[in-house]
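Colleague: I would like to go through a model and learn how to read its features one at a time. Could we start with helix packing?

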Amino acid sequence: MAKCIITVSVLCVLAAVAVRGEVDKKAAMADFVAKSDSCKAEVGAKEADVAEMMAKKPASSTEGKCLRSCVMKMYEVMDSQGKFVSSVALQHAETYSDGAADQMKMAQEIIDACSGIAVPSDHCEAAEEYGKCFMEQAKAHGLSEFKM
């Protein structure tokens with residue numbers, strides 16, 4: 001099974017669906033860490049919030065939820081209105097899957113299932129709801145174990 005190189009919300013699911021050798025895993029992880037650190041400072045999150053995100057656990061604090069929202073925005077999969085951007089998520093899937101048809105089909109199904117869910121207007125809460133949906137859909141598609 002492909003390994004997850006970016007462990008947040010849809011990025012985790014998309015990468016789990018699709019990472020192949022063409023993606024520089026070290027560079028992708030370094031980029032993720034840099035973005036996470038920036039978001040951590042921006043929202044006042046703690047190491048425990050980052051650890052929960054990395055462990056793919058629900059956020060236990062408002063700052064943890066806001067950390068996820070910030071990271072989603074950094075990757076442009078959440079817009080300034082707090083809504084999931086399906087087209088960008090699909091672009092990430094394309095990148096991480098090298099366009100493999102079976103993996104793109106699964107990514108599209110997950111994206112479709114989660115893109116239209118009702119989420120709160122609060123961006124932090126919305127990010128948490130999207131994350132729950134992505135993880136539920138990943139499990140429903142047989143992606144029950146994500147690894148770094």
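Colleague: How near do the axes of H4 and H7 come, and at what angle do they cross?

Modeller: Two packed helices are described by the angle between their axes and the distance between the axes. This is a predicted model. In it, the H4 and H7 axes come within 7 Å and cross at roughly 80°. Angles of 65 to 115 degrees count as roughly perpendicular, so H4 and H7 are roughly perpendicular to each other.

Colleague: Which residues of H4 and H7 make the contact?

Modeller: On H4 they are Lys 65, Cys 66, Arg 68, Ser 69, Met 72 and Lys 73. On H7 they are His 123, Cys 124, Glu 125, Ala 127, Glu 128, Tyr 130 and Phe 134. By type, the residues of this contact divide into six nonpolar, two polar and five charged.

Colleague: Now the core. How many residues has the largest nonpolar core, and which have the most contacts inside it?

Modeller: A nonpolar core is a set of buried residues of nonpolar types joined through side-chain atoms within 4.5 Å. The largest one here has 18 residues, and those with the most contacts inside it are Met 72, Val 77, Met 78, Phe 84, Tyr 130 and Phe 134. Helices H5 (86-97), H6 (101-115) and H7 (123-140) are the elements that give two or more residues to this core. H7 supplies the largest share, six residues. There is also a second, separate core of 10 residues, which includes Met 29, Val 50, Cys 70 and Tyr 75.

Colleague: How many aromatic pairs does a search of the whole structure find?

Modeller: The search finds three. One of them joins Phe 84 and Tyr 130, with ring centres 5.7 Å apart and planes at 40°, so the pair is tilted. Phe 84 is in the loop between H4 and H5 and Tyr 130 is in helix H7, 46 residues apart, and the pair links these distant parts of the chain. Phe 84 also pairs with Phe 134: the ring centres are 5.1 Å apart and the planes are at 55°, so this pair is tilted. Phe 134 is in helix H7, so the pair with Phe 84 ties together parts that are 50 residues apart in sequence.

Colleague: Are Phe 84 and Phe 134 buried or exposed?

Modeller: Both are buried, and Tyr 130 is buried as well. Ring pairs link Phe 84, Tyr 130 and Phe 134 into a cluster.

Colleague: Next, the backbone. What is the phi of Lys 56?

Modeller: Most residues other than glycine have a negative phi. Lys 56 is not a glycine, yet its phi is positive, about 60°. Lys 56 is found in the loop between helix H3 (47-54) and helix H4 (62-74), and its relative accessibility of 25% counts as partly exposed. Glu 76 is another residue other than glycine with a positive phi, near 65°. Glu 76 lies in the loop between H4 and H5, and at 52% relative accessibility Glu 76 counts as exposed.

Colleague: Last, where does Glu 136 lie?

Modeller: Glu 136 lies in helix H7 and counts as exposed, at 55% relative accessibility. The C-alpha atoms of Glu 136 and Cys 114 are separated by 9.6 Å, with the two residues 22 apart along the chain.

How values were computed
Residues are numbered from 1 along each chain as its sequence is written. This is a predicted model: local features need pLDDT of at least 70, side-chain atom pairs count only at pLDDT 80 or more; totals for chains, interfaces and linings use all residues. Side-chain values use heavy atoms; hydrogens and water are left out. Buried means under 20% relative accessible area, exposed over 50%, partly exposed in between (1.4 Å probe, protein chains only). Helices (H or I, at least four residues) and strands (E, at least two) are DSSP runs, numbered from the N terminus. Axes are lines fitted to C-alpha atoms, for helices over the stretch in contact, and angles run from 0 to 180 degrees between N-to-C directions. Angles under 35 degrees count as roughly parallel, over 145 as roughly antiparallel, 65 to 115 as roughly perpendicular and the rest as oblique. Contact means heavy atoms within 4.5 Å. Ala, Val, Leu, Ile, Met, Phe, Trp, Tyr, Cys and Pro count as nonpolar, Asp, Glu, Lys and Arg as charged, and the others, Gly among them, as polar. Rings of Phe, Tyr and Trp (its six-membered ring) pair if their centres lie within 6.5 Å; planes under 30 degrees apart count as stacked, over 60 as edge-to-face and the rest as tilted.
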